Amino acid sequence: HQICQSPVYHLTARLARCREKRHHLNKISSNVGSGNKQLSDFVMPYDQFVRSFALRKHRLSWFLGAGASASGGIPTAWEMSWEFKAQIYASMRKIPAAEIRDISHPTVRDRIQEFISDSKDLPKPNEPDEYARLFAAAYPSASDRRDFLDRHIGVGKPSTGHIILALMMRDGIARVVWTTNFDVLIEDAFT
């Protein structure tokens, strides 16, 4: 009985549960990838989520992705990639940026993408490093890239979702939040 109370036992048991969960997630992932399952198969109805959350709230982690930043007014990496493409296109073709201002227009996008795709030095669409390579091509200096991000992140404001999550954290309902985002909107929501 005393062994079961030791921190090492609990850590070992936790690691075993983590391995089981990882195996389960890998299995789910392979099922989704093979076409056997759809993402919607893993989405639970709202009422079921509410009941489950009430029981598990202290064991859940929250993950914030690009949608959280976008809801706060910060462009996504996809949107920034198009901005990089437009800047590269305008500077290399020596045309005024105003000529391609509306990069949401399909004709303008097609023209820009054709130019980018024809360049041997620029990434093809959907390459894994497309965003990073376009960013480096548009802004070769690391300090310029930082300034670019600061300018875009600086306009962001915490959304209603950020504020609610901050309140949940303050009240101990949400204990862990993970993010891949560059911004500090969740931290700003605390102020």
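# Reading rings, a helix and a core

Q: How many aromatic pairs does the structure hold?

A: The structure holds 11 aromatic pairs. Keep in mind that this is a predicted model.

Q: How is a pair of rings described, and what is the geometry of F84 and Y131?

A: Two values describe an aromatic pair: the distance between the ring centres and the angle between the planes. The ring centres of F84 and Y131 are 5.9 Å apart, and their planes stand at 45°, so this pair is tilted. The pair links distant parts of the chain. F84 belongs to helix 5 and Y131 to helix 7, 47 residues apart.

Q: What kind of pair do Y89 and F115 make?

A: An edge-to-face pair, because the planes are at 85°, with the centres 5.3 Å apart. This pair, too, links distant parts of the chain: Y89 is in helix 5 and F115 in helix 6, 26 residues apart. Y89 is buried, with 3% relative accessibility.

Q: Which charged residues lie over the ring of W82?

A: Two cases to look up. K85 lies over the face of W82, 4.2 Å from the ring centre. R109 has its charged end over the ring of W82 as well, 4.5 Å from the centre.

Q: What span should helix 5 have, and what does the model give?

A: Helix 5 covers residues 77-93, which is 17 residues. At 1.5 Å a residue, helix 5 should span 24 Å. The end C-alpha atoms are 24 Å apart, so the model agrees.

Q: Which residues of helix 5 are buried?

A: Start from the helical repeat. An α-helix has 3.6 residues a turn, so residues three or four places apart point the same way. In helix 5 the buried residues are M80, S81, W82, F84, K85, A86, I88, Y89 and A90. They pack against helix 6 (106-118), helix 7 (130-138) and helix 8 (142-154).

Q: Which residues have the most contacts inside the largest nonpolar core?

A: In soluble globular proteins, nonpolar side chains tend to be buried together. Here the largest nonpolar core has 21 residues, and F84, I100, I112 and F148 have the most contacts inside it. At least two core residues come from each of helix 5, helix 6, helix 7 and helix 8. Helix 5 gives the most, with seven residues.

Q: Which residues does I112 contact, leaving aside neighbours within four places in sequence?

A: I112 is in contact with W82, K85, A86, Y89, I100 and I103, once those neighbours are set aside. Apart from this core lies another, of seven residues, among them F53, L64, A174 and I186.

Q: Is E130 buried or exposed?

A: E130 is buried, with a relative accessible area of 12%. This residue lies in helix 7. The E130 side chain reaches the backbone nitrogen of N126 at 3.0 Å. Leaving aside neighbours within four places in sequence, E130 is in contact with K85, P123, K124 and P125.

Terms used: Residues numbered from 1 in each chain as written. Predicted model: local features only at pLDDT ≥ 70, side-chain atom pairs only at ≥ 80, totals over all residues. Heavy atoms only, no water. Helix = DSSP H or I, 4+ residues; strand = E, 2+ residues; numbered from the N terminus. Expected span 1.5 Å × (residues − 1). Buried < 20%, exposed > 50% of the residue type's maximum accessible area, 1.4 Å probe, protein only. Contact = heavy atoms within 4.5 Å. Polar contact = N/O pair within 3.5 Å; in protein donor to acceptor, adjacent residues only side chain to side chain. Core = buried A, V, L, I, M, F, W, Y, C linked by side-chain atoms within 4.5 Å. Phe/Tyr/Trp six-rings, centres within 6.5 Å; stacked < 30°, edge-to-face > 60°. Lys NZ or Arg CZ within 6 Å of the ring centre and 35° of its normal.
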